[in-house]
Amino acid sequence: MYVAVKGGERAIDNAHAWLAEERRGDVAVPELSVAQIREQLALAVNRVMAEGSLYDPDLAALAIKQARGDLIEAIFLIRAYRTTLPRFGGSNPIETEDMTCDRRVSATFKDAPGGQILGPTFDYTHRLIDFKLAADGDVGTAPASTPSPIATPHIMSFLDREDLIQKEPAGADIPDDLTRTPLELPANRALRLQSLARGDEGFLLGLAYSTQRGYARNHAFVAELRIGAVAVEMDIPELGFAIEVGEITVTECETVNQFQGSKSQPPQFTRGYGLVFGMTERKAISMALVDRALRWKELGEDNVGAPAQDEEFVLYHSDNIQATGFLEHIKLPHYVDFQSELELIRKLRSEAQENINREVSE
Amino acid sequence: MSDYNFAYLDEQTKRMIRRAILKGLAIPGYQVPFASREMPMPYGWGTGGVQVSAAVLTPDDTFKVIDQGADDTTNAVSIRRFFQKTAGVAITEATSKASVIQTRHRIPEENLRADQILVYQVPIPEPLRFLEPSEVETRKMHALEEYGLMHVKLYEDISQHGDIATAYAYPVKVEGRYVMDPSPIPKFDNPKLEMAGIQLFGAGREQRIYAIPPYTQVVSLDFDDYPFQPTKADHACDLCAAEDSYLDELIVDDEGGRMFMCSDTDYCANRRKQGHVGAQGVPYAEDQA
């Protein structure tokens, strides 16, 4: 005799209770506070804000805590929250030239107005495990200097003055919002950049790396990488002028790439662009390289069939929330489909076996 | 849960989704792009169906959710709870009592009525996707009604295997125009796609909605000499003895012993309530005690 299995409801409740317990870990160890995550795991917080498309360090830190440190899960929590928020409007374009730079480096000029500012970078650290940190996290204070009161001009503006860098065509005043309108292809550059800005860091890193290794190589120099705080302003129709609604930290990367020209036009450098929330420079550089690779049509280059040139491939597969959901859904029951496949393969096998038997007997 | 709007989504979003649904009903089988929202469950787990359900549910509705035909599979439980929490609608496991049924991979055995809506969760809405990976190309093929590739695929199946080797998500042509993916239902369910109820298909990750209005012609693709055949396991349900329902196969011992039972749990329970007992079943009352 057989009694059908039931119990989905209870299993879910119990799984959730166990998850909560595991998330907390050993209760003899003090619990992490959201502020600790925000302050001490700031780069994780930045990634969650960038790929979650929501600038809120406290909320991102909370999501990381809730997700047990699984950043894609944390990004998912942020996205699901973000989607419930109303859209009030678009801000004015941020003026990254007015940025208070924590870091600003150029690989194309040894020095330029504004100077090279290394900032808090891992770049020249030796990657040796610091065992002292395990016991004692105290640090001294870093030497400080006063920030420059004048704006730091973009390196690109110097190339532009000589007409050496290609001019960017002006886009629509307010571009479509990727999260409010369905992505239809071909997408314009504004939509592509939105998609790349929230795309998975690892996926974009791999694609960018592939362009360096020859799959649509476009020979990028980092003309400038800058990280710092910028003001966000918004026009308020009732007031008739723009007011500052907040300040965000962003990473901006501009690459200067191989030149092109024709009989009628002297050669010019071209540009790739990356802009990401927070201090996220690996992502910003990757974004700039992939942006540049995707511009092949507009710049009159050949499509060499490289993955990074394929807009549909890049845009449809860079979103880690879409990817992880669909990938993991194969854990869900597929009894019904599998059953129909079972029946089909049994039928095909028995037919094939009959044919073999017949041939043997003949 | 008063922090969220009725059925989770804000009214603007629901209006956008309803417009896509209406367009889908006006052009049966056509995939309407819509600005799919991030839902609090993962893409690939029914976000399209959930958004469509959220857009059609009213406070007076009675909601049923099935996955693989069953009400108590974990993801069905999860989605049902979501709407209990965010919409506070009445819920049921009885097909006949539901006004909106969200499903994954099955059509209920019981015929639906004109006052019922069946919402499908769709993973890959594009029936041509595995023949042509590019969305730009497949949209062009639909626009030009260029379905030769699909027929070639079915023909190649026959030449290679002696049969059309598609057992689920079997492609259909709707009202003589659009080739449509009926979602991964077993082909056993295909004949039921012509029904009195409204059928809505939601693909969240792929941002598409499509629909079959009531009493619309839905033809499973085939050839004159290889006609479409809906198939199921050649058994009766071991619990309720039904011979006309789609069956799940269970492995019941270490020797690989098998038994079969209805995938539609409500259908099976109803039959047992009426006194039908399968080869390995027990009378309904004993089981419930």
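The model is predicted.

**The contact between the chains**

Chain A brings 41 residues to the contact, and chain B brings 50 residues.

By class, the residues on the side of chain A that touches chain B are 19 nonpolar, 10 polar and 12 charged.

**A helix crossing in chain A**

Two of these helices, α5(A) and α12(A), also meet each other. Their axes come within 10 Å and cross at roughly 110°. Angles of 65 to 115 degrees count as roughly perpendicular, so α5(A) and α12(A) are roughly perpendicular to each other. The crossing is left-handed.

Which residues of α5(A) meet α12(A)? They are I72(A), I75(A), F76(A) and R79(A). From α12(A), N320(A), I321(A) and T324(A) take part. This contact has 4 nonpolar, 2 polar and 1 charged residues.

**A hairpin in chain B**

Strand β11 of chain B spans residues 247–251 and pairs with β12(B) in the antiparallel sense, over 5 bridges. D248(B) stands opposite M261(B) in β12(B). The two strands, β11(B) and β12(B), form a hairpin with 6 residues between them. In the turn, G256(B) has a positive phi of about 80°.

Strand β12 of chain B covers residues 258–262. Of its 5 residues, 4 are buried, so the strand is largely enclosed by the rest of the structure.

Terms used. Residues are numbered from 1 along each chain as its sequence is written. Chains are lettered from A and ligands numbered from 1 in the order in which they are written. This is a predicted model: local features need pLDDT of at least 70, side-chain atom pairs count only at pLDDT 80 or more; totals for chains, interfaces and linings use all residues. Two residues are in contact if their C-beta atoms, placed from the backbone, lie within 7 Å. Ala, Val, Leu, Ile, Met, Phe, Trp, Tyr, Cys and Pro count as nonpolar, Asp, Glu, Lys and Arg as charged, and the others, Gly among them, as polar. Axes are lines fitted to C-alpha atoms, for helices over the stretch in contact, and angles run from 0 to 180 degrees between N-to-C directions. Angles under 35 degrees count as roughly parallel, over 145 as roughly antiparallel, 65 to 115 as roughly perpendicular and the rest as oblique. A crossing is left-handed if the near helix is turned anticlockwise from the far one by less than a right angle, and right-handed if clockwise. A residue is buried if 20 or more other C-beta atoms lie within 10 Å of its own, exposed if 12 or fewer, and partly exposed in between; C-beta atoms are placed from the backbone. Two strands pair if DSSP finds at least two bridges between them.
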